[in-house]
Amino acid sequence: MRLLTFADIRPLAAVVALAAFLPLPAVARDFVQDQAGMFSASTVAQLNQRISNFNAQTGKEVVVVTVQSLDGATLQDAASSAFSSNNVNGVLIFIARSDRKDIIVPDRAGAQAGWFTPDVTRGIRQSMESQFR
């Protein structure tokens with residue numbers, strides 16, 4: 001499996017655009033936590049910069065967490081744990097590499113605002129997944 005480049009993950013830009021609903025900016029942090037080694041270092045740096053800029057403008061975050069495996073956990077449980085442990089104020093994109101599973105988890109405000117309907121998340125996931133083949 002090849003490392004993904006910034007061009008490969010353009011669908012994440014759609015998530016950044018959809019997550020725009022305002023509070024306070026997060027403390028500087030790594031928004032991309034690539035524990036599965038799916039992205040090149042330059043892609044992680046570019047995404048962290050873009051998401052940081054987005055966060056400074058909107059107060060919302062896009063947090064991307066990749067893991068090698070779910071290790072027996074359900075996708076929902078693993079994503080919920082990552083969402084909670086990262087105190088996500090926006091949206092989490094969670095990818096389990098070897099399990100070939102992913103999920104998009106919006107915060108309550110995003111879900112209630114209707115930004116992440118099942119059709120929207122399905123479209124984003126299909127765009128992302130097409131880049132992982």
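**Entry 1: strand pairing**

I began with V65, which stands opposite F94 in β3. This is a predicted model: local features need pLDDT of at least 70, side-chain atom pairs count only at pLDDT 80 or more, and totals for chains, interfaces and linings use all residues. Residues are numbered from 1 along each chain as its sequence is written, and side-chain values use heavy atoms, with hydrogens and water left out. Helices (H or I, at least four residues) and strands (E, at least two) are DSSP runs, numbered from the N terminus. I take two strands as paired if DSSP finds at least two bridges between them.

β2 and β3 (residues 90-96) pair in the parallel sense over seven bridges. On β1 (residues 32-34) I find three bridges to β2, again parallel. There, V32 stands opposite V64. β3 and β4 are antiparallel, over six bridges. I104 in β4 is the bridge partner of I93.

**Entry 2: the sheet**

I read the strand order as β1-β2-β3-β4, an open sheet of four strands with mixed pairing. The edge strands are β1 and β4 (101-106), each pairing on one side only.

**Entry 3: burial of β2**

How many residues of β2 (residues 61-67) are buried? I count seven of its seven. Buried means under 20% relative accessible area, exposed over 50%, partly exposed in between (1.4 Å probe, protein chains only). Side chains alternate between the two faces of the sheet in a regular strand. In β2 both faces are covered: E61, V63, V65 and V67 are buried on one side, V62, V64 and T66 on the other.

**Entry 4: salt bridges**

I searched the whole structure and got four salt bridges. The criterion is a side-chain nitrogen of Lys or Arg within 4 Å of a carboxyl oxygen of Asp or Glu.

K60 and D107 meet at 2.5 Å, N to O. K60 lies in the loop between α2 and β2, D107 in the loop between β4 and α4 (108-113), so the pair ties together parts that are 47 residues apart in sequence. Both K60 and D107 are buried.

R125 and D102 meet at 2.7 Å, N to O. This pair links helix α5 to strand β4, 23 residues apart. R125 is partly exposed at 28% relative accessible area; D102 is buried at 5%. I also note a salt-bridge network of D102, R125 and E129.

R122 and D119 meet at 2.4 Å, N to O. Both lie in α5, three residues apart, about one turn of the helix. R122 is partly exposed at 41%, and D119 is exposed at 56%.
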